[in-house]
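What follows is what I looked up, in the order I looked.

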Amino acid sequence: PQTGRLALYLLGLRATCPPSEPHRALVTWLKYHLEQDWTGSRRHGHPLTSYYQYGLGVLALCVHHKRVREEVIRRLLVAQHHGRLGHGGTAVDTEAVVALALTCLEHRGLVGARLAAELRAAAQDVSRSMAEAQHPDGIIGNIYSTPWALQVFLARGVCHTEPAYGRAMAALLENLDSFGTAATMAQVLPVLHGHSYLDVASMPCREESDTLTPVDIEPPAEVPGNKTVRLVVECAQPWCLELRLYDQRVSVPAAASLLDVLRAATAQEPRFTFDTQDTPQGPYLTQVLGLEARQQKRNYWQLLSGPSTPLQMGVADYIPRDEETLLLRLSQW
C-alpha cells in the first residue's frame, strides 16, 4: 500500500490551500490503503508498510478533518503502549508521527472525551520519553529525527516549559547543513518557523503572491584525489556463525559517500553484495552479504564509525574521512 506517500501528498495538498476540493477521492483512497496496510498485521504483527506510514495516514486524515474509526486509532495506541514503534532514530520518527496523529485527533475534537484522555496520555508519554532520550549534544534520536521530536513539543504546547526543546533546537541550528533533500527540508522548515504539521489543519487560506522563484545553484566543486576506507561487516546475532563477515580496505574518490564505498566494494570483490530500499529520507540499507534486515525479526543494519560511534546520516549522505573505519553491523532492537 502507498500509505505514507499518499498521506504526505494530502498533507502537502492541504498546505497549498487549493481553491476547490479535488482531494475527496484521494482521502477515500487513503482510507482504503490504511485498511489494506493493516492486513499485514495478521501475518507479521505490524502494518505491511510500517507504523511510521500508518501514523502518517491517520495524521493526514485528521488534518483534512476526517473522522477515523476507533479501531484504527487503538491500533496506534496499542503499538505505542507495547513499544512496537522501532529503534533508534527510526523509533523517534515513528513515535513522533504517531504522537502528532493522536494529538491532532484530540485537538480537532474528532473523538469522544474518554478516548481523547487516552490520546493525551499517550502523547505525553511520547514527549516524556523523547526528553529522557536526548543526547548530551541536544540531538534526539539522530539529527534527522530531531525535527520530528520538536514538532511534538510544539504541537503539545510545551516548548516553553520543556528544557529539551531549547537544547534540541540549538543542535538543529548547528547541523542545518545535514538537511539536503526535499523530504528532510520539509520536516525541518516548519520547526524553524515554530510550527508543526498539525498547523496545516487550521491554516488561514488567503490569496498570496507567488514568491517561489527559481534559483541557480552551482554544482559543488569536485574534490581532487582519492581516499581509502576500511569497510567492516559484522553480524551481532546469535544465529551467525561468526561476528566479523567482511573486512577490506576500499579505495574511492575523495568526495565519495558511504553508498559510493559500498558500490566500490562490490566492484572490487563480487562476493560483496548489498541492497537498499528507497525512502523519502533517501536509501535505507536492507541487505549486506545476503543477510536481510527484517522488521518482523526486529533487526536492522546499524551504521557505525569505528569503533562504536553511530552515524547520524544515511548511506547516501555520510561522507567518510580518509582512513576511517566504517562498520555495518546487523543488530537487534
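Predicted model: local features only at pLDDT ≥ 70, side-chain atom pairs only at ≥ 80, totals over all residues.

**Entry 1: two positive phi values**

I started with His65, which sits in the loop between α4 (51-63) and α5 (70-81). Phi of His65 is positive, about 65°, although the residue is not a glycine. I noted the background: most residues other than glycine have a negative phi. I then checked the cover on His65. Its relative accessible area is 39%, so I logged His65 as partly exposed.

Next I turned to Glu323. Its phi is also a positive value, near 70°, and Glu323 is not a glycine either. I placed Glu323 in the loop between β7 and β8. At 46% relative accessibility, Glu323 counts as partly exposed.

I moved on to Glu324. I found Glu324 in the loop between β7 (309-310) and β8 (325-332). Is Glu324 buried or exposed? Its relative accessibility is 3%, so Glu324 counts as buried, the cut-off being under 20%. I listed its contacts, leaving aside neighbours within four places in sequence. Glu324 touches Thr228, Val229, Arg230, Ser305 and Tyr318.

**Entry 2: a cis peptide bond**

I looked up the bond between Gly306 and Pro307. That peptide bond is cis, with omega about 0°. Most peptide bonds are trans, so I marked the spot. Pro307 belongs to the loop between β6 (299-305) and β7.

**Entry 3: helix α8 and what follows**

I went through α8 residue by residue. Which residues of α8 are the buried ones? I wrote them down as Thr146, Pro147, Trp148, Ala149, Leu150, Gln151, Val152, Phe153, Leu154 and Ala155. As a reminder to myself, an α-helix has 3.6 residues a turn, so residues three or four places apart point the same way. In α8, the buried list runs from Thr146 to Ala155.

After α8 comes Gly157, with a positive phi near 75°. I then checked Val158, in the loop between α8 and α9 (163-174). Val158 has 16% relative accessibility and therefore counts as buried. Its contacts, apart from neighbours within four places in sequence, are Ser127 and Phe153. Phe153 is one of the buried residues of α8. I also took a distance from Val158 to Gln36. The two are 122 residues apart in sequence, and their C-alpha atoms are 36 Å apart in space.

**Entry 4: Ala171**

I followed the chain into α9, where Ala171 lies. At 2% relative accessibility, Ala171 counts as buried. Leaving aside neighbours within four places in sequence, Ala171 is in contact with Asp137, Gly138, Ile139 and Ile143. Ala171 and Val111 are 60 residues apart along the chain, and 36 Å separates their C-alpha atoms.

**Entry 5: the nonpolar cores**

I asked which residues of the largest nonpolar core touch the most other members. The core has 71 residues, and the answer is Leu59, Ile73, Leu105 and Met130. I picked Leu105 for its contacts. Not counting residues up to four places away in sequence, Leu105 touches Val58, Cys62, Val68, Ile73, Leu110, Val111 and Leu119. There is also a second, separate core of 29 residues. Among its members are Phe272, Val288, Leu289 and Leu311.

**Entry 6: the whole chain**

I counted 11 helices and eight strands in the protein chain. The C-alpha trace spans about 60 × 50 × 40 Å along its principal axes. Why does a radius of gyration of 21 Å agree with a compact globule? Because a compact globule of 333 residues would have a value near 20 Å.

Buried residues make up 48% of the 333. Of the contacts with a separation of 6 or more, 64% join residues 24 or more positions apart. The accessible surface comes to about 17400 Å², and carbon and sulfur atoms account for 52% of that. Last, I looked at charge. The chain has 30 positive and 34 negative charges, and their mean positions are 10 Å apart.

Key. Residues numbered from 1 in each chain as written. Heavy atoms only, no water. Helix = DSSP H or I, 4+ residues; strand = E, 2+ residues; numbered from the N terminus. Rg over C-alpha atoms; globule rule 2.2 N^0.38 Å. Buried < 20%, exposed > 50% of the residue type's maximum accessible area, 1.4 Å probe, protein only. Contact = heavy atoms within 4.5 Å. Areas by Shrake-Rupley, 256 points an atom, 1.4 Å probe, with all protein chains shown as cover. Lys, Arg positive; Asp, Glu negative; His and termini not counted. Charge placed at Lys NZ, Arg CZ, Asp CG, Glu CD. Core = buried A, V, L, I, M, F, W, Y, C linked by side-chain atoms within 4.5 Å.
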